[in-house]
Amino acid sequence: MAFMFLREAVQAYRQRDPAARSAAEVLLCYPGLHALLWHRLAHGLWSRGFRLPGRFTSHLGRFLTGIEIHPGARIGRRLIIDHGMGVVIGETAEIGDDVYLYHQVTLGGTSSERGKRHPTVGNNVIVGAGAKILGGITIGDNARVGANAVVVQPVAAGETVVGIPARPVERDKLKSDPPKAVVRQPSFVAYGTPCDNAPDPVVCAIETLRAELFALEARVAAMQRSPAAE
Ligand SMILES: CC(C)(COP(=O)(O)OP(=O)(O)OC[C@H]1O[C@@H](n2cnc3c(N)ncnc32)[C@H](O)[C@@H]1OP(=O)(O)O)[C@@H](O)C(=O)NCCC(=O)NCCS
C-alpha cells in the first residue's frame, strides 16, 4: 500500500514537473512528497482517535518540510505540492485527485466555528503560488486559480480565476459577446461604429461609449439652447 502510494506519487512528479529528472531526485529532494508521507502517518493516527500524536506528527512534518497539513485534512491521490514552503491546509479541507499546489497556498477557514470551514478542491485543479482559498467553498474539477488570488466564492468546474477577490478570467467572454452598448443600439453608427465587424471588441466598446457621449453632449447643448423644447 505504502509502496503503491510512493510509486504513483513519484510518477506524478516526474510526469508533471519538468524539473524532476529522476525517481531518486524526487524521493530525496521534494518536500511536497515528504509532507505527504508525514501526513499519511498523522492522518492515520488522527482518524484512529490519537489526536495529540496525530497533531504532533503533523507538527514534525511541518518543521521538516515547511508545509503545514492538519492531520484531519482529506487528501486524494497524486497530490503535488511544488516547492511547498508556506503551504497551509486546514483541518476540514478536502482535496481530490491529481491536484497541483504551488508554494504559499492556503486552504484556510474564515470562521472559528467547528464544522466544515475549509475548502473542497476537486480533481485536477491547479492552484498558483501564494493563492488563498478561504472558507467551506468548492473549487470544481479542472479549475485553475491564479498566483496570489484570494478565492472566497465557489469556482465552477473548468473555470480560471485570478485577482483579489478572485474572479473568472474575462478575456474569452469579451471575445465571444458583443459589448452591451452595441446590443442596445445596433443602428447607432456615429464615430466609427457599428462594431459588428470590428476586429477588436475593446475598441468597439470604447467607440460605442464615445458615440453615446457625443449624443448626450449634443442633447445637453440643445437643452441649453431651448429648455422648453426638451
Ligand atoms: C491563472 C493562470 C493559470 C492563467 O493562465 P492562462 O490561462 O495561460 O492565462 P493568461 O496568461 O492568458 O492570462 C489571462 C488573463 O488573466 C491575467 N492573469 C493571469 N494570471 C494572473 C494572476 N495570477 N493574477 C492576476 N491576473 C492574472 C492575464 O494578465 C490575462 O489578462 P488579460 O486577458 O486582461 O490580458 C496563470 O496565469 C497562473 O497564475 N498560474 C500559476 C502559476 C504559478 O503559480 N507558478 C509558480 C511557479 S514556481
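A residue is called buried under 20% relative accessible area, exposed over 50%, and partly exposed in between, with a 1.4 Å probe and protein chains only. The model is a predicted one: local features need pLDDT of at least 70, side-chain atom pairs count only at pLDDT 80 or more, and totals for chains, interfaces and linings use all residues. Residues are numbered from 1 along each chain as its sequence is written, and side-chain values use heavy atoms, with hydrogens and water left out.

Helices (H or I, at least four residues) and strands (E, at least two) are DSSP runs, numbered from the N terminus.

Now the helix, α4, residues 51–65. The expected span is 1.5 Å times one less than the number of residues. For the 15 residues of α4 that gives 21 Å, and the end C-alpha atoms are 21 Å apart, so the two agree.

Which residues of α4 are buried? They are G54, T57, S58, G61 and T65. Seen down the helix axis, these fall within an arc of 100°, so they line one face of α4; the arc is taken from the directions from the axis to the C-beta atoms. That buried set packs against α3 (31–47) and β1 (68–69), where contact means heavy atoms within 4.5 Å. L52 and F63, on the other side of α4, are exposed. After the helix comes G66, with a positive phi near 80°.

Next, the sheet. Two strands pair if DSSP finds at least two bridges between them. Four strands form an open, parallel sheet, ordered β2-β5-β8-β11. β2 (74–75) and β11 (138–139) are at the edges with a single partner strand each, so one side of each has no neighbour in the sheet. Strand β8, residues 120–121, pairs with β11 in the parallel sense over two bridges, and T120 stands opposite T138 of β11.
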